[in-house]
Amino acid sequence: MKPLTVIGFLGSTLDASKFGPSRWSKWRPTVGLAMHEDLRVDRLILLHGTPHRRLAEYVAEDIGSVSPETHVDLRLLDFRDPWDFEEVYGKLLDFARAEPFDPDTEDYLIHITTGTHVAQICLFLLTEARYLPGRLLQTQPERGTPNPAGTWNTIDLDLSRYDSIATRFAVASAESTSFLKSGIDTRNVAFNRMIDEIEKVALRSKAPILLMGPTGAGKSLLARRIYELKKLKHQVAGSFVEVNCATLKGDGAMSALFGHRKGAFTGAVADRPGLLRAADKGMLFLDEIGELGLDEQAMILRAIEDKRFLPVGADKEAASDFQLIAGTNRDLGEAVASGAFRDDLYARLNLWTFHLPGLADRREDIEPNLDYELDRFAEREGDRASFNKEARQRYVAFATGPGAAWPGNFRDLAASVTRMATLSPKGRIDLECVNAEIARLQRLWSGQCDQGDDILARLLGREALEAIDPFDRVQLVETIRVCRRSRSLSEAGRALFTASRARRSSANDADRLRKYLARFGLDWASITDDRA
């Protein structure tokens, strides 16, 4: 067995006693440590303050009389205020860092029965963080028996050793992640991995979070779910305040965000606290933050860093302690390069940046989202609708195939489900209803896709674009659109050559498409990488 070292505080009350034989009939926690036949203490590091030096020496003498093999190492550790958490933790941390622990040759127990409650909490935290490399030791008197040794037990903080506790923590973690996904059983591996990371960040950090992604990708919903998760864990007490920065224009932007004083400008007939004040102790979601002007950006930066800002027309600063989540569908890096966005604000937001993919990049999540949207419709309208088997198969096949563009992402899907649920006879969405909806979506999307020249200019450059005939441009743009809606080169080839391939006994559609793209210096990777 390795030698055992116990670390603990002297109990100024529990360890005290009158000198004389009667003291041996009293339970004294520190002395009792050395009186157990099944607990051999080789060294006891006894922490004590200057006022209790004599008691510490007295206790050490008694330990020596009952356990000569136990070496008592008296350590002086004074606190100006033993109930000041910051001071106690800081000095114990300094002690732990200075101590030459060697877990390979010694075992350690941290005695948390004695000392103030603050000291006990600090010993627990330092042990849990492994600054003190041991297990917790708890002692107590034995009920109904005059036993001066009392009883003892250890607490191992390695939760992985306790199957039931580990299982409960795993379930709690899964519930948190499911909470952020609104209970939707999403199947996209990259998205699920991102949500796992967001859940960790949301519960462990108060720093700003930046959500990037196309319009309709779910930034607003995710921001609200992050807030609700933090509120569930009692990490925020204030409100969730959502602001669409694209609607804040001119002088009204400053007033809406930071508030104003009465008479600050024409029409300011009363004080206005502003949206930042409304988010105090809560969360502020600035959607489309890239649309804010540079002056507003500067004030937002100061409000994030100092929790203070100056309302319009005021001569005294206001305060608000909020966590910021920012959303944007713009490339803020490019906006910084062009001078449209402050680099210092971008640097502050860019600590935790998450890119939400569009629906076209998460086609495997369309089917589980159908049930979610049907549930939302039922809650909103009080009328439940559902697909019959053939209708569901037809809709899922279209929605996950290359012919579905989903330019509006989840907003398009939500609107589509709402239309079908509303128009379905007796709440049953049938094949006729689905076919009508598919035709409607195809008509809607035909006028919403990107401008062809913009796509080609981004991929090829303006100079190369000018060298391509207008006829070839139209064909190339449609080819690129089909590629971006497809999950592989082969799938895109089958969609593009569906008619001609039916007339041939064999065909390599992927190779045919690859050669076509190569005529313009393009390949599958360059097209799909540019999709975002």
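**Strand pairing and aromatic contacts in the predicted model**

Within strand β4, I110 is the bridge partner of I7. The structure is a predicted model, in which local features require pLDDT of at least 70 and side-chain atom pairs count only at pLDDT 80 or more, whereas totals for chains, interfaces and linings use all residues. Residues are numbered from 1 along each chain as its sequence is written, and side-chain values use heavy atoms, with hydrogens and water left out.

Strands β1 and β4 run parallel and are joined by 5 bridges; two strands are taken to pair if DSSP finds at least two bridges between them. Helices (H or I, at least four residues) and strands (E, at least two) are DSSP runs, numbered from the N terminus. Strand β4 (residues 107-111) is also joined to strand β5 (residues 135-140), again in parallel, by 3 bridges, and H111 stands opposite L137 in β5. Of the 5 residues of β4, 4 are buried, so this strand is largely enclosed by the rest of the structure. Buried denotes under 20% relative accessible area, exposed over 50%, and partly exposed the range in between (1.4 Å probe, protein chains only).

The structure holds 11 aromatic pairs. Rings of Phe, Tyr and Trp (its six-membered ring) are paired if their centres lie within 6.5 Å; planes under 30 degrees apart count as stacked, over 60 as edge-to-face and the rest as tilted. The ring centres of F9 and F79 are 6.3 Å apart with the planes at 45 degrees, so this pair is tilted. Because F9 belongs to strand β1 (residues 4-9) and F79 to the loop between β3 (71-76) and α3 (85-98), the pair ties together parts that are 70 residues apart in sequence. Both F9 and F79 are buried. A tilted pair is also formed by F19 and Y58, at 5.7 Å centre to centre and 45 degrees between the planes. F19 lies in the loop between β1 and α1 (29-32) and Y58 in helix α2 (residues 53-66), so parts 39 residues apart in sequence are tied together. F19 counts as exposed at 67% relative accessibility, whereas Y58 counts as buried at 8%. One aromatic cluster is formed by Y227, F240 and F285.

Charged side chains also lie over ring faces: R28 over W24, at 5.1 Å from the ring centre, and K307 over F322, at 5.9 Å. The criterion is NZ of Lys or CZ of Arg within 6 Å of the ring centre and within 35 degrees of the ring normal.
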